[in-house]
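Student: I'm new to this one. Can you walk me through it?

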Amino acid sequence: MKFRDILDFLEEVRVLGNFSEEEIAPLKQPQQIHQAELELDGQKYPAFRVQYNNSRGPFKGGIRFHPEVSQDEVTALAFWMSIKTAVVNIPFGGGKGGVKVNPKELTPQQLEELSRKYIQAFYKVIGPQVDIPAPDVYTTPQIMAWMRDEYEKLTQTTAPAVITGKPPEQGGSLVRDIATALGGVYVLEEAVKKLNLNEKTVVIQGFGNAGMNAAKLLAELNYKIIAVSDSQGGIYNSEGLDIAEVIKTKEETKSVINYQNAEQISNSQLLETECDVLIPSALANVITEENVDNIKTKIILELANGPVTTTADKVLFQKGTLVIPDILANAGGVTVSYFEWVQNLKDEKWTAEEIKPKLKDIMVNSFLEIQQQSENNNYDFRTASYLIAIKRIIEAEKERENNNLR
Ligand code: NAD
C-alpha cells in the first residue's frame, strides 16, 4: 500500500469515527524520518528508520532488506505498525526500517557488515525505551543478534531489549518462531465459533513461516487442509492433505508441488477454491476486483500483510465473507516480540506454556472487542479495528499533551 492510500483511508475512518481534523493530525505524518547511506565494498545502499508515532510507547517495527525498499514504503509500514500495536493494545507505538538491497547477492560476511552498519547509522535514535527494531522481510534472528551486539559495543551497555526476534539462546523468546501463525489460529477459532462452522476446510497460499506453521497448527486441531501453495504453484486434494508429509516434501525438494497425493493447481486457482477458510500467507494484493467474485470462502484470515485490496474488501463485506484483517490476524508476531522485550527488561525467561495463554488472551480479547464494534455499527472488521486503534492513539496523544509530554 502506498502512503497516499493510507491518508485516503484515514480520512474515511476520521469521518466514520467523528474524529476532528485536529485529533487525526498527528497520525497523518511520521514523527521522524531518519535516512543514511550504508557503504559496503564501494556500493552505497539507502537505509531508513521511520518513527511514526510513539504516543502509546516506544516505536516498534521490523527492518527489511529488500531491493524495492523506499522511504514511502517504510513510512506506510511504520504507520501500519502504529495501528497494529494499538489494535492488540500492547504498549508500543509504530516504526519501521529498511535497506534497499538484495541480500541474496551478499556473502554472509557482507550481510553481517551491512547489518552492523545499519546500527552504526541509527544507534543514536533507537534504544530499549525509544525504538525497538525486529526482523522483517529477509532479516533473520542471526541479523538481530549482530545488531544487538553492535548496539551494545557502540553504547557500552548490555541492552538485549534494544531489538526483538533474537535467537532464543541470545535473549530471544520461545514461541516467537510460530507466533504469527499461532496468533492467527487463536482469532480464527473465535471466528469459527461466531459463524458456527462445523465443516472446516482450509486453503493456504504461501508455505513459509506464516503459512506452513498455520497449516501445522490447524491440522493438529483437525481442520481439513485441502490446498496449499508456494511460489512454484499449489496442490489440492478434496480429502485433505497430509501436512506432515507436505512439510517433508517442501524440506526435501524446496516446493510443495512435489507432494504426490494431490492434484497440481495454479496460485490463482488455489485462491478460487471453494473452502470455509482461506488464508493468504504470501503476498500483498492477491484478492482484487479481478478475482473477488470467484472467491468462495466464508472466512479470510489475512496472515500476509495487505492481501485484499480496498475494492475487493468492500465486495467481500457485501457478500458476507468475514475478513479478519492483517492488523489483527498477524499481530501475534509483534505481541510475542513485546513478551521478548518484557523478559529482557526483567531478566526473565518464560516457558512456552507461560507464553501461549498470554498470547491467546491478547488475541481473543482483541477479536471480541472488534466483533462488538463491528456488530454495533455494521462495520466490516477492518474498519472496526482501525476505529478502535485510532481512538486509542488519539487518547494517548491527548494524555501526553495534557501532561505536557509533547
Ligand atoms: P516466508 O518468506 O517465510 O514465506 C513466504 C511464502 O510465500 C513462501 O512459501 C513462498 O514460496 C511463498 N510465495 C512467494 N511468492 C508467492 C506467490 N507468487 N504465490 C504463492 N506463494 C508465494 O514469509 P513469511 O514470514 O511467512 O511472511 C508471509 C507474509 O506474512 C508476508 O506478507 C509477511 O509480511 C506476513 N507476516 C509475517 C510475519 C512473520 O512473523 N513471519 C508477521 C507479520 C506478517
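Student: Where is the place of Val175?

Tutor: Val175 sits in the loop between α5 and α6. Keep in mind that this is a predicted model.

Student: Is Val175 buried or exposed?

Tutor: Val175 counts as buried, because its relative accessibility is 6% and buried means under 20%.

Student: What about phi of Val175?

Tutor: Phi is positive there, about 75 degrees, although Val175 is not a glycine. Most residues other than glycine have a negative phi.

Student: And Tyr138, what is its phi near?

Tutor: Tyr138 has a phi near 60 degrees, again a positive value in a residue other than glycine.

Student: Where is the place of Tyr138?

Tutor: Tyr138 lies in the loop between β5 (131–135) and α5 (141–155). Tyr138 counts as partly exposed, because its relative accessibility is 40%, which is between the limits of 20% and 50%.

Student: New topic, the ligand. How many residues surround it?

Tutor: The ligand is surrounded by 19 residues. The closest are Thr180, Phe207, Asn209, Ala210 and Ser231.

Student: Which classes does that shell have?

Tutor: Around the ligand there are 10 polar, six nonpolar and three charged residues.

Student: What lies 2.6 Å from an oxygen atom of the ligand?

Tutor: That is a polar side-chain atom of Thr180. The backbone takes part elsewhere: a polar backbone atom of Ala282 is 3.1 Å from an oxygen atom of the ligand. For Leu303, a backbone N or O atom lies 3.3 Å from an oxygen atom of the ligand.

Student: How much of the ligand's accessible area does the protein cover?

Tutor: The protein covers 69% of the 840 Å² that the ligand has on its own.

Student: Now the overall layout. How is the chain divided into domains?

Tutor: Domain 1 covers 31–159, and domain 2 covers 178–324. Their centres, taken over C-alpha atoms, are separated by 30 Å.

Student: Where does Ala179 lie?

Tutor: Ala179 lies in helix α6, which covers residues 179–195. Ala179 is buried, because its relative accessible area is 0% and the cut-off for buried is under 20%.

Student: What separates Ala179 from Leu114?

Tutor: Their C-alpha atoms are 27 Å apart, and along the chain the two are 65 residues apart.

Student: Switching to rings. How many aromatic pairs are there?

Tutor: The count comes to 10 aromatic pairs. One of the pairs is Phe367 with Phe381.

Student: Why is that pair tilted?

Tutor: The planes of Phe367 and Phe381 are at 55 degrees, so the pair is tilted. Planes under 30 degrees apart count as stacked, and over 60 as edge-to-face. The ring centres of Phe367 and Phe381 are 5.3 Å apart.

Student: Which helices hold Phe367 and Phe381?

Tutor: Phe367 is in helix α13 (residues 352–377), and Phe381 is in helix α14 (residues 381–402). The pair links distant parts of the chain, 14 residues apart. Both Phe367 and Phe381 are buried.

Student: Which residues do ring pairs link into a cluster?

Tutor: The cluster holds Phe92, Tyr338, Phe339, Trp341 and Trp350.

Student: Last stop, Gly320. Where is its place?

Tutor: Gly320 is in the loop between α10 (310–319) and β12 (322–324).

Student: Is Gly320 buried or exposed?

Tutor: Gly320 is exposed, because its relative accessible area is 58% and exposed means over 50%. The C-alpha atom of Gly320 is 9.2 Å from that of Ile299, with the two 21 residues apart along the chain.

Conventions: Residues numbered from 1 in each chain as written. Predicted model: local features only at pLDDT ≥ 70, side-chain atom pairs only at ≥ 80, totals over all residues. Heavy atoms only, no water. Near = heavy atom within 4 Å. Polar contact = N/O pair within 3.5 Å; in protein donor to acceptor, adjacent residues only side chain to side chain. Areas by Shrake-Rupley, 256 points an atom, 1.4 Å probe, with all protein chains shown as cover. Nonpolar A, V, L, I, M, F, W, Y, C, P; charged D, E, K, R; others polar. Domains from an automatic or database assignment. Phe/Tyr/Trp six-rings, centres within 6.5 Å; stacked < 30°, edge-to-face > 60°. Helix = DSSP H or I, 4+ residues; strand = E, 2+ residues; numbered from the N terminus. Buried < 20%, exposed > 50% of the residue type's maximum accessible area, 1.4 Å probe, protein only.
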